[in-house]
Each structure stands twice: as C-alpha cells, then as structure tokens.
Amino acid sequence: MAGLCVRSVLVTGANRGLGLGFVQHFLKMPNPPQWIFAGCRDPKGQRSQELQNLASKHPNIIIIPLGRCPEVGILCPSSSGNVEGAAPLPCATSMCAPVPSVSSQAFLPLLKKAAQGSPGSGLSCSKAAIVNMSSYAGSIEDVYVWEFGQVVSYRCSKAALNMLTKCQSLAYKEHGILCVTFHPGWVQTDMGGGGSFKPPLTVDDSVQGMLKVLSSISEKDTGTFLDWEGKVLPW
Ligand code: NDP
C-alpha cells in the first residue's frame, strides 16, 4: 500500500461492509486522503452510525447521500435467485451496473482534472482511477460456484459491470484514468455472510489485499478483472 497516494476518493456503499472497510483503511494510510467522500443512501440512518462516528472524529470524511440503485440483478442472501426466478431480486449490495456508469460519467470531469494535474506519464491509482466492485460470480467463462447458488440476476449484473469496466478502460485511457473491476473474495459482511457458511475472509483481509493490488497496478492492467490478491480472473 506504500505506493498508493490518494488525494481524494469517493467510496460508494460506505456505511457498512467493504465500503466502510475502505474508508477505515484509507484513514489508516501513512498519508490519508485529503478528502474521503463517503457515499451512502441513508447518511442519518441507523445503519450509517459507524460511519457517522468516524466522520465526527475525522474532518476529512464528507458523508454524501447517494441515490438508491434500481433493484435489478442484485444478490439477496436469503434467495437462490434461480433461472426461473430471474426477475429482479431484492437488493443487498453496494453496486449495480447502471450506478457505476452514471456516477463515473458524473465524475468524469473531476477524474480528468485529477489525471491532468498529476505528475508523470502512464496510468495509476494515485493519478485517477475507477474501481468497480464486481464478483467472480459474474464470470461468464467460469460461472463460479453455480452449484452453491444460481443467483442469475446477480451474475448478470456483475457480468454487465465487467463489460462496463472494459468499455470505461477503453474510453478513458486517453484521459489518463485507470479502470479495473474487482472480485473482493468471499468476505464476512452482511451480504457475504448471509448464507449457512462462514466466509473465509474478513473485511480487513479483503480491503487490505485490494489496496495492495491498487498500489501496484499500472497502465498494462487497465480494463482487467482482478481478485483481491491481484490474480487476473477470466471474463
Ligand atoms: P454489504 O451488504 O455489507 O453492504 C452493502 C452496501 O450496499 C451497503 O452500504 C448498502 O447500503 C448498499 N446498498 C444495498 N442496496 C442498495 C441499493 N439498492 N442502492 C444503493 N446502495 C445499496 O455488502 P458487501 O460490502 O459485502 O458488498 C459490497 C460489494 O462487494 C457488492 O457489490 C458485492 O456484490 C461485492 N461482493 C461481495 C462479496 C462478499 O463476499 N461480501 C463477494 C463478491 C462481491 P444500506 O446500508 O443503506 O443498505
């Protein structure tokens, strides 16, 4: 993580799970970001209490309300979401395909500005980056852990998010913006721990791993699908 130098960052779904983990880890960096914009849909709600507590101690955290993602193709821990039930499922995630698309378009001018204002050539996460939170479940080639749960709508939304990342990487390369999509591992969050098995990874393990990967990736990695340890995953 030593190589990562972030001046400002927007984290979506920042009130719990992996999003909150990212905020906590950004704060612990040797050079924490000047601004951490922590987006969540209910900033004053009960589920944002931990984020509110953090923000009261760290003035570089700005909590911002972010609109609700349409409830299409999202994993509900209590539902297998099989093929017959491929209609939209209840939502339990921080990302779905349309939201990263709209938000990255909205923030494009700022991302371009950040890239232009950073020294050096090539792409890096210290310059300007879009990091989409996907899942190995969205891999069309592997259709990972199909036996454990079909979750068709979820898989489709993540496959779409992966395609979006690829398109973003092609469109934004000339503007100096690096784009990747991540599988965070199977993590002990409300969503990851919703079934009968305990996930192997803590939020800390996963976020620390992803930040280490983010600190090391460069131009050659833009448009790739990576896991929390930096392994390239099949589309
Ligand atoms: P959590 O359930 O812990 O957190 C979900 C977050 O998403 C919360 O901030 C929640 O806000 C927000 N959210 C839920 N529904 C919506 C909605 N409709 N619109 C906007 N925000 C919403 O999930 P994780 O931290 O585990 O998941 C984060 C990402 O990582 C997701 O994209 C997930 O698919 C991906 N992932 C997670 C894995 C795991 O094992 N945990 C494995 C693979 C991928 P609120 O508190 O308001 O409900």
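Predicted model: local features only at pLDDT ≥ 70, side-chain atom pairs only at ≥ 80, totals over all residues.
Local features require a pLDDT of at least 70 and side-chain atom pairs a pLDDT of 80 or more, whereas totals for chains, interfaces and linings use all residues. Residues are numbered from 1 along each chain as its sequence is written, and side-chain values use heavy atoms, with hydrogens and water left out.

Nine of the twelve residues are buried (under 20% relative accessible area, with exposed meaning over 50% and partly exposed in between, for a 1.4 Å probe and protein chains only), among them Phe 22, His 25 and Phe 26. The buried residues of H1 pack against several elements, including strand S2 (35–40), helix H2 (49–57) and strand S3 (61–65) (contact being heavy atoms within 4.5 Å).

S2 and S3 pair in the parallel sense over five bridges (pairing requires at least two DSSP bridges), and Cys 40 has Pro 65 of S3 as its bridge partner.

Two salt bridges are present in the structure (a side-chain nitrogen of Lys or Arg within 4 Å of a carboxyl oxygen of Asp or Glu). In one of them, the closest N and O atoms of Arg 16 and Asp 190 are 2.7 Å apart; Arg 16 lies in the loop between S1 and H1 and Asp 190 in the loop between strand S5 (178–183) and H5, so the pair ties together parts that are 174 residues apart in sequence.

Definitions and conventions
Helix = DSSP H or I, 4+ residues; strand = E, 2+ residues; numbered from the N terminus.
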